[in-house]
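Hi everyone, thanks for coming.

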Amino acid sequence: IPKGSFTSAPDLASGPTVSSITTKKATIKWTTSRNSDSKVAYGTGSNSYYSEEPSNSTQVTDHTINLTNLSPGTTYFYKTKWTDEDGNTGISEEKSFTTAAAPAVSGVKATDISLDSSYISF
């Protein structure tokens, strides 16, 4: 008698891709062939990820996870993960992205210096 459950994870239909990369944030998106939850394993070393995985338990085919509190000018490695309602988990290949560099001040110049004022330009 068929149980009506899947025995393998949903296929990765597209992605994962990274967008909206700033000094401290990035958005990761991907699509699966059927509904599943969304998780991202990431860290600063290849195949070396933080223990906490940002996730969303809503069963969807279009997945979006926002990474926050990232460090500027840092390369991050990540894998996306998804688990369907029957407990089958899929994992993407490892990919990477680099956050934007922190703003820097350059060309600092002091002019018109007197006893009680000066102009600072940069």
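**A walk through the strands**

Let's start with the order of things: going from the N terminus, the elements of the protein read β-β-β-β-β-β-β-β. That makes eight strands and zero helices. Before I go on, please keep in mind that this is a predicted model.

Now the overall shape. What does the C-alpha trace span along its principal axes? It's about 95 × 25 × 20 Å. You can see that in the radius of gyration too: the protein has 22 Å, while a compact globule of 122 residues would come out near 14 Å.

A few more whole-protein numbers. Buried residues account for 28% of the 122 residues.

You'll find Arg34 in strand β2, which covers residues 26-43. Is Arg34 buried or exposed? Its relative accessibility is 18%, and the cut-off for buried is under 20%, so Arg34 counts as buried. Which side chain does the side chain of Arg34 meet in a polar contact of 2.6 Å? That's Asp84. Setting aside residues up to four places away in sequence, Arg34 also touches others, including Phe6, Ser8, Ala9 and Pro10, as well as Val60, Thr61 and Asn88.

With a relative accessible area of 7%, Ser92 is buried. A polar atom of the Ser92 side chain lies 2.9 Å from the backbone nitrogen of Thr80. And what else does Ser92 contact, leaving aside neighbours within four places in sequence? Besides Thr80, the list has Leu12, Pro16, Lys79 and Trp82.

Then there's Glu94, in the loop between β5 and β6. Glu94 has a relative accessible area of 26%, so it is partly exposed. Its side chain makes a polar contact of 2.7 Å with the side chain of Ser46, and another of 2.5 Å with the side chain of Tyr49. If we don't count residues up to four places away in sequence, Glu94 touches Gly45, Ser46, Asn47 and Tyr49, plus Phe77, Tyr78 and Lys79. One more thing on Glu94: its C-alpha is 11 Å from that of Thr17, and those two are 77 residues apart along the chain.

I mentioned Pro16 among the contacts of Ser92, so let's go back to that one. Pro16 is in strand β1, residues 12-19. What kind of peptide bond joins Gly15 and Pro16? It's a cis one, with omega at about 0°.

One is Ser20, with phi near 50°. Ser20 is in the loop between β1 and β2, and at a relative accessible area of 53% it is exposed. The other is Asn69, where phi is near 60°. Asn69 belongs to the loop that runs between β3 (55-67) and β4 (75-83). Asn69 is exposed as well, with a relative accessible area of 67%.

Last stop, Phe122. Where is Phe122 found? In the segment after β8, which is residues 119-121. Phe122 is exposed, with a relative accessible area of 71%. Still, Phe122 does have contacts beyond its neighbours within four places in sequence: Val105, Ser106, Gly107 and Val108. For Ser106, the C-alpha atoms are 6.0 Å apart, with 16 residues separating the pair in sequence.

That's my tour, and I'm happy to go back to any of these spots on the screen.

Conventions
Residues numbered from 1 in each chain as written. Predicted model: local features only at pLDDT ≥ 70, side-chain atom pairs only at ≥ 80, totals over all residues. Heavy atoms only, no water. Helix = DSSP H or I, 4+ residues; strand = E, 2+ residues; numbered from the N terminus. Rg over C-alpha atoms; globule rule 2.2 N^0.38 Å. Buried < 20%, exposed > 50% of the residue type's maximum accessible area, 1.4 Å probe, protein only. Polar contact = N/O pair within 3.5 Å; in protein donor to acceptor, adjacent residues only side chain to side chain. Contact = heavy atoms within 4.5 Å.
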